[in-house]
Amino acid sequence: MKQIQLVFLVIAAILLAACHDDSDPEIVVSTFVTNGMQPAGTRAAADIQNSGFDSGEQFNLYIVDYNNNSTKIADNVAKPTGPNVGTGYYYPANGHNVDIYGIYPQTVKYTTTSFNVSTTQTMDDDGRTNYKNSDLMSANVLNALRQEAAQTLQFTHQLSKVIVSIKRDASLDATETATLTLKNAKTGATIANGVFSAVTGSPADISLGTVTLSSTDYYQSLAAIIPPQTIPASESAATDFITITLGSGGSFTYQIPTGSPKTFDSGNAYTYTITVGLKAISVETTINNWNAPDVNTTDIGGITI
């Protein structure tokens, strides 16, 4: 008889633990990407998920009791992005607030310690997916109050973005193509709780794709995500960084000057503006924080090929 009573008591305890008080509101979230402003003339290839997630994207959700982070309410659960997303989880019945964490892409867990960007970030379907999967973002709301309203998860870009905006001059035909490659960028990183910690790995080439230089009036933009890093130029030789290969033949490689290493910081977008022609290729550089633009522009001259 005592054994039967014990079984009933265990079942009752399980049922109580599985239930929540109707007065405990569901945890609802709204997800946003920190607004990213791009310079005039850039096009869709450089604007992927700057100020909002694409439809159907998911992030990883992690929720813990604020007063006891060993009490996990949601543990690395893939959830849809968007406004006012019901999570299916509830604030603790003990009255505590919660800590809420979000990590994108959803393949990255809260406990993940290493991350790699793709070396193919072209603008076909596969390349766009690779680009998005390379765009590590994280968000958190600490000591989130118990409320019916949605908790806002404001995601920030953890890595660096390189934009190459290119057009032709009148010396080239409207059918001319340009294939762009980013060179000598390390592609690995160590991360903690979805936040960038340090760059790792060896320098590699990253394919940005091919554009048709159909106009002399507007720029077409390709972009790639890289971990924050300093790309050094040795004391004896410059460091190759951007290679443009024309469909009709010939190529140009922009180099980071000797003794002038370039630092790419977390959350910043760096724009290289290029006009290509038969006689010369001119390049200008700008840096744009994904939260607010920096208007400074540096002319780094023309190159004859």
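Residues are called buried under 20% relative accessible area, exposed over 50% and partly exposed in between, with a 1.4 Å probe and protein chains only. By this scale N84, with a relative accessible area of 55%, is exposed. The structure is a predicted model, in which local features need pLDDT of at least 70 and side-chain atom pairs count only at pLDDT 80 or more, while totals for chains, interfaces and linings use all residues. Numbering runs from 1 along each chain as its sequence is written, and side-chain values use heavy atoms, with hydrogens and water left out.

Confidence comes first. The predictor's confidence in each residue, pLDDT, runs from 0 to 100; its mean over the chain is 84, and 82% of the residues reach 70 or more. Helices (H or I, at least four residues) and strands (E, at least two) are DSSP runs numbered from the N terminus. Among these elements, strand β6 (residues 114–116) has the highest confidence, at a mean of 98, and helix α1 (residues 2–18) the lowest, at 36. Throughout residues 1–18 the pLDDT stays under 50, and the model shows zero contacts beyond four places in sequence for this stretch, a contact being heavy atoms within 4.5 Å. Residues 36–44 also have a pLDDT below 50, but here the model has 22 contacts beyond near neighbours in sequence.

We turn next to the interior. A nonpolar core is taken as a set of buried Ala, Val, Leu, Ile, Met, Phe, Trp, Tyr and Cys residues joined through side-chain atoms within 4.5 Å. The largest such core has 51 residues, and the members that touch the most others are I166, L182, F241, I244 and Y272. Strand β10 (residues 177–192) supplies the largest share of this core, with six residues. Around I244, leaving out residues up to four places away in sequence, the contacts are I166, A178, T179, L180, G250, S251, F252 and I274. A separate core of 21 residues includes F59, M137, V141 and A144.

Strand β5 holds Y101, which is buried at 17% relative accessibility. Beyond its neighbours within four places in sequence, Y101 contacts N60, L61, Y62, Y110, A139, N140 and L142.

R168 is buried but has no salt bridge, and D169, the nearest side chain of opposite charge, is 6.3 Å away. Aside from residues up to four places away in sequence, R168 touches D173, A174, L213, S214, S215, T216, T275 and V276.

Side chains of opposite charge can pair when their charged atoms come close. With a salt bridge defined as a side-chain nitrogen of Lys or Arg within 4 Å of a carboxyl oxygen of Asp or Glu, the count comes to five. D24 and R146 form one of them, at 2.6 Å from N to O. Because D24 sits in the loop between α1 and β1 (26–33) and R146 in the loop between β7 (137–144) and β8 (151–157), this pair ties together parts 122 residues apart in sequence. D24 is buried at 5% relative accessibility, whereas R146 is partly exposed at 26%.

In another salt bridge, the closest N and O atoms of D54 and K132 are 3.1 Å apart. D54 is in the loop between β1 and β2 (58–65) and K132 in helix α2 (residues 125–134), so the pair links parts 78 residues apart in sequence. K132 is buried, at 14% relative accessibility. Together with E57, D54 and K132 make up a network of salt bridges.

Most residues other than glycine have a negative phi, and most peptide bonds are trans. N84, in the loop between β3 (68–80) and β4 (85–90), has a positive phi of about 50°. N193, in the loop between β10 and β11 (195–212), has a phi near 55°. The peptide bond from Y104 to P105 is cis, with omega near 0°.

Technical notes. Lys, Arg positive; Asp, Glu negative; His and termini not counted.
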